[in-house]
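Colleague: Could you walk me through this model? I'd like to know what stands behind the terms you use.
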Amino acid sequence: MHGQCENNLQRATLRSECCCTVGLAWGSPCETCKAEDCDCQRGFAKLDGKTCVDVNECELEAGICKGGGTCVNTEGSFHCECPAGLTLDSSKRHCIDRRTEPCFMEYHQGTCGSQLEGLFNKNTCCCSVGKAWGSTCEGCPRQGTQAHIDLCPKGPGFVDRRDVNECGLPGICENGRCRNTIGSYSCRCNQGFSIDENGVKCIGMYR
Ligand SMILES: [Ca+2]
């Protein structure tokens, strides 16, 4: 990528083993893989120098399946399988949760509160204003954890590289005006109201 090599494999590999399966470049300093590196069909390499055998991509690149996916090696290729309820994205390597479920803006010790109106994808909820998601009240992953990075790879406030327009979510900046920003949003409260502790809606100052 951009003239640099990334995602080093777990162990030293043959040029063909790398280039003819999951690799884009090989060696140190690395060189771009070329078609002539492969003397077997794609997914196969002469590991013993003589016969073309299947390369186990799952063993070659641990973590090739993202988002909780399990790698399954096959003859000549591999595929990712997702846990129940999750679906493979267009890259076929990343399991994502496309289910739409309730989203909660409060979560304390396993109890969910302040449910947003409507149903949302897990990432739309947890990468924006949600603290918990799903009819089973599952806490959103904490910012900075690997689970949060997997769910929100572009960081908080973004879903699939796109900024989330939190102002379009119901109940946001109630009793105030919502301003969407790239990666976040802010509320300007109406007179007599101030922002609540979650920064989500404006509440009356004299209650
Ligand atoms: Ca294989």
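Modeller: For 207 residues, a compact globule would have a radius of gyration near 17 Å, but the protein chain has 23 Å. That radius is taken over C-alpha atoms, and the globule rule is 2.2 Å times the number of residues to the power 0.38. This is a predicted model: local features need pLDDT of at least 70 and side-chain atom pairs 80 or more, while totals for chains, interfaces and linings use all residues. Numbering starts from 1 along each chain as its sequence is written.

Colleague: What does the C-alpha trace span along its principal axes?

Modeller: About 80 × 35 × 25 Å.

Colleague: Why are S17 and S18 called paired?

Modeller: Pairing takes at least two DSSP bridges, and these strands have six, so they qualify. Strands are DSSP runs of E, at least two residues, and helices are runs of H or I, at least four, both numbered from the N terminus. S17 (residues 176-181) and S18 (residues 184-189) run antiparallel, with Arg179 bridged to Ser186. Two residues sit between the strands of this hairpin, where Gly183 takes a positive phi near 90°.

Colleague: And what makes S11 and S14 edge strands?

Modeller: The open antiparallel sheet has the order S11-S10-S13-S14. S11 (111-115) and S14 (138-139) each pair on one side only. Further in, S10 and S13 pair over two bridges, including Cys103 with Trp133.
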